[in-house]
Amino acid sequence: MENHGSLKAYTIGFIFSIILTVIPLMLVLNHVFAKNILLASILGMAVLQFFIQLFFFMHIKDGEKPRYNVMALILGIVFVITIVAGSIWIMTFNSQVQ
């Protein structure tokens with residue numbers, strides 16, 4: 001039977017996830033920063049939350065062959081970046097056509 005993490009690890013990951021969700025919410029609701037700084041801080045919190053999810057819940061560093069997990073993750077990230085960048089490029093191009 002594989003080790004899928006302890007209650008302590010899940011609790012720590014859950015608490016970090018809640019904190020990284022509440023902080024951007026409070027920043028938006030209280031209008032703490034200007035728009036650009038707010039967007040950057042939300043993006044930063046999202047990236048941190050992504051890594052929390054990977055390490056605490058998806059166990060990306062655990063297992064016999066973690067290298068394959070990381071390679072699959074990188075491929076998925078490349079796909080997402082390609083789709084998002086392509087969509088933004090197409091939407092920008094279409095908005096300029098009159």
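Student: Why does Phe55 count as partly exposed?

Tutor: This is a predicted model, and in it Phe55 has 35% relative accessibility. Buried means under 20% and exposed means over 50%, so at 35% Phe55 counts as partly exposed.

Student: And what makes Phe51 partly exposed?

Tutor: Run the test on its value: the relative accessible area of Phe51 is 39%.

Student: Where do Phe51 and Phe55 lie?

Tutor: Both are in helix H2, four residues apart, which is about one turn of the helix.

Student: How many aromatic pairs does the structure hold?

Tutor: There are four aromatic pairs. Take one of them: Tyr10 and Phe57, with 6.0 Å centre to centre and 10° between the planes.

Student: What makes Tyr10 and Phe57 a stacked pair?

Tutor: Rings pair if their centres lie within 6.5 Å, and planes under 30 degrees apart count as stacked. With 6.0 Å and 10°, Tyr10 and Phe57 pass on both counts, so the pair is stacked.

Student: Which parts does the pair of Tyr10 and Phe57 tie together?

Tutor: Tyr10 lies in helix H1 (residues 7-29) and Phe57 in helix H2 (residues 35-57), so the pair ties together parts that are 47 residues apart in sequence. Tyr10 has 29% relative accessibility, so it counts as partly exposed. Phe57, at 28%, counts as partly exposed too.

Student: Why is the pair of Phe51 and Phe55 called stacked?

Tutor: The ring centres of Phe51 and Phe55 are 6.5 Å apart and their planes are at 15°. The limits are within 6.5 Å for pairing and under 30 degrees for stacking, so this pair is stacked. Ring pairs also link Phe50, Phe51 and Phe55 into a cluster.

Student: How do you know that H2 reaches close to its expected span?

Tutor: H2 has 23 residues, and from its first C-alpha to its last it reaches 32 Å.

Student: Which residues of H2 are buried?

Tutor: They are Leu38, Ser41, Met45, Gln49, Ile52 and Leu54.

Student: Why is Gln49 called buried?

Tutor: Its relative accessibility is 17%. Buried means under 20%, so Gln49 counts as buried.

Student: What makes His31 worth a look?

Tutor: His31 has a positive phi of about 50° although it is not a glycine. Most residues other than glycine have a negative phi. You'll find His31 in the loop between H1 and H2.

Student: Is His31 buried or exposed?

Tutor: Its relative accessibility is 67%. Exposed means over 50%, so His31 counts as exposed. Just after H2, His59 also takes a positive phi of about 50°.

Student: Which residues make the nonpolar surface patch of about 930 Å²?

Tutor: Among them are Ile12, Phe14, Ile15, Phe16 and Ile18. Phe14 lies in helix H1.

Student: Which residues does the "transmembrane region" annotation cover?

Tutor: According to the unreviewed UniProt entry, it covers residues 12-31, 37-58 and 70-91. In the model, residues 12-31 are 90% helix and 0% strand, with the end C-alpha atoms 29 Å apart. Residues 37-58 are 95% helix and 0% strand, and their end C-alpha atoms are 30 Å apart.

Student: What pattern does the protein follow along the sequence?

Tutor: The pattern is α-α-α, with three helices and zero strands. Of the 98 residues in the protein, 13% are buried.

Technical notes:
Residues are numbered from 1 along each chain as its sequence is written. This is a predicted model: local features need pLDDT of at least 70, side-chain atom pairs count only at pLDDT 80 or more; totals for chains, interfaces and linings use all residues. Side-chain values use heavy atoms; hydrogens and water are left out. Rings of Phe, Tyr and Trp (its six-membered ring) pair if their centres lie within 6.5 Å; planes under 30 degrees apart count as stacked, over 60 as edge-to-face and the rest as tilted. Helices (H or I, at least four residues) and strands (E, at least two) are DSSP runs, numbered from the N terminus. Buried means under 20% relative accessible area, exposed over 50%, partly exposed in between (1.4 Å probe, protein chains only). UniProt positions are given in the numbering used here, feature names are shortened, and annotations may be inferred rather than shown by experiment. Patches are made of residues with over 30% relative accessible area and no salt bridge: like charges are joined within 9 Å, nonpolar side chains (Val, Leu, Ile, Met, Phe, Trp, Tyr) within 5 Å. Accessible areas come from the Shrake-Rupley method with a 1.4 Å probe; for residues, only the protein chains shown count as cover. A salt bridge is a side-chain nitrogen of Lys or Arg within 4 Å of a carboxyl oxygen of Asp or Glu. The expected span of a helix is 1.5 Å times one less than its number of residues.
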